[in-house]
Amino acid sequence: MQPWNSKTLLLAAALLDAATAHTTFTNFFVDKAPQGDGTCVRMSNIINKATDPIRPPTSQDMACGVNGEKGVARVCPANAGSSFTFNFRDWPDGSQPGSLDKSHMGPCAVYMKKVDNSAADNNAAGPGWFKIFQEDYDNASGQWCTSKIMANDGKLSINLPTDLAGGYYLVRPELLALHQADKNPPDPQFYVGCAQLFLQSSGSSVPKDTVSIPGHVNMQHPAMTFDIWNGPKPVSFPQFGPSVYKSGSSKRDIETRASQLKQTIGLKPEGCMIENDNWCGITLPSYSNEAGCYASSQNCWDQNKKCYDSAGPVGSKGCKRWESYCTSVLQACKSGNFNGPPSASSFIPAPPSGLAKGESNSPASPDNTGQQSDDSSKSKDETPTTPSSSGGDNSAKDGSVNTCGTNGGLKCASGLCCSSHGYCGSSSDYCGAGCQSGFGKCSGGSKHKRAHILGRAHAHLKEWKA
């Protein structure tokens with residue numbers, strides 16, 4: 001019997017390539033209460049590409065992302081009308097701050113789909129999706145929806161409709177980054193995922209204005225080539241997909257269906273002590289002799305292996321805690337203490353904190369449309385960082401919010417690249433095609449992130465060998 005942290009090494013190594021990527025939906029809050037990292041969330045099983053965008057918009061992965069047809073074990077409950085906050089991360093395991101690169105500006109939407117079983121496979125792509133939220137460019141504040149998410153630490157909050165029929169749903173956030181849409185060929189970048197939800201509701205509405213995903217947009221739609229850099233102001237973004245469903249719609253817009261009032265699928269297992277995304281460490285069998293002690297210890301290590309085997313992009317923090325507990329059980333057996341199992345209380349983490357007051361990014365309007373007025377008197381251009389002098393040094397901490405080159409004339413801070421549109425940063429979007437070499441470097445994007453992940457991998461390797 002031995003620790004299974006070799007899986008940790010694989011996870012850390014797999015994240016190397018993801019360091020140059022973008023964002024992913026990792027966890028969510030219901031009425032400001034955290035549901036857990038990766039819990040009830042369908043995520044990519046290709047860890048080193050977990051934050052990559054979905055291409056093209058007609059891909060089957062547009063429904064719930066890569067591996068999105070694979071249901072997870074847990075289904076989280078929420079009440080009709082509850083606030084629902086999605087959290088996006090640049091680093092899926094939360095090891096470093098950040099949600100989305102500042103250049104990745106564009107609209108947001110949230111869709112839902114009623115299903116017979118949220119945890120079942122092969123129920124994402126296809127018809128039945130309806131939209132409950134959308135927001136694009138806010139002419140009053142001069143911000144895209146994604147920019148508001150970045151300013152809110154990666155969080156997007158909406159209210160669930162109040163009159164939907166109760167039962168099982170998939171809830172799908174959709175971010176569209178348009179920073180490369182003006183290229184040839186255009187490269188609109190979608191970031192999507194799905195939460196598995198049981199809606200506790202006495203309502204009976206089932207929206208009829210639904211679409212198939214993929215199918216709600218294609219590359220011929222003007223939104224896919226929308227130029228966020230050189231377009232006229234005020235901005236008028238071409239919408240795609242269905243109209244936003246509003247609670248209390250007229251009867252001709254809805255069907256009625258008997259509500260399911262009790263959740264029976266995807267519940268938290270009884271005896272669950274420590275969690276890691278959708279895995280649970282279950283209370284060990286009690287024992288009072290040597291054989292029972294070692295049998296219980298083996299049970300612990302078997303569970304630990306399943307935890308590491310199932311760990312995804314959000315990491316294996318819970319597996320490490322369970323591993324420490326298993327070590328304590330084994331040590332007790334070796335020392336002749338055959339009455340147990342020992343308490344796991346010291347290994348159980350404190351409950352994660354919920355959203356602070358005012359932290360959730362409330363919907364722009366009661367009907368979740370988030371659409372802004374086109375009143376030009378309220379519009380304003382995006383304001384770049386004001387240069388102190390021509391050719392100066394843009395020395396923000398990471399450079400991603402500062403301008404350079406053709407967008408102000410400044411040079412980026414040391415080690416950063418100046419993108420084709422004049423923004424400082426370190427990802428491939430800054431250091432790749434069109435990079436302005438006279439105002440920063442133009443290769444080796446995100447090496448600082450790779451070094452960080454590699455250091456973590458080496459640390460785990462040293463620990464494991466010890």
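**Close-up views of a predicted model**

**View 1. A disulfide (cysteine sulfur atoms within 2.5 Å) joins Cys-307 to Cys-319, with an S to S distance of 2.0 Å.** Cys-307 sits in helix α3 and Cys-319 in helix α4, 12 residues apart, so the pair links distant parts of the chain; helices are DSSP runs of H or I with at least four residues, strands are runs of E with at least two, and both are numbered from the N terminus. The S-S torsion is about -85°, so this disulfide is left-handed. This is a predicted model, in which local features need pLDDT of at least 70 and side-chain atom pairs pLDDT 80 or more, while totals for chains, interfaces and linings use all residues. Residues are numbered from 1 along each chain as its sequence is written, and side-chain values use heavy atoms, without hydrogens and water.

View 2. Just after α4, Gly-336 takes a positive phi of about 90°.

**View 3. Another disulfide joins Cys-64 to Cys-194, S to S 1.9 Å.** Cys-64 lies in the loop between β3 (41-42) and β4 (76-79), and Cys-194 in strand β13 (residues 194-202), 130 residues apart. Cys-64 is buried at 2% relative accessible area, and Cys-194 is buried at 0%.

Definitions and conventions:
Buried means under 20% relative accessible area, exposed over 50%, partly exposed in between (1.4 Å probe, protein chains only).
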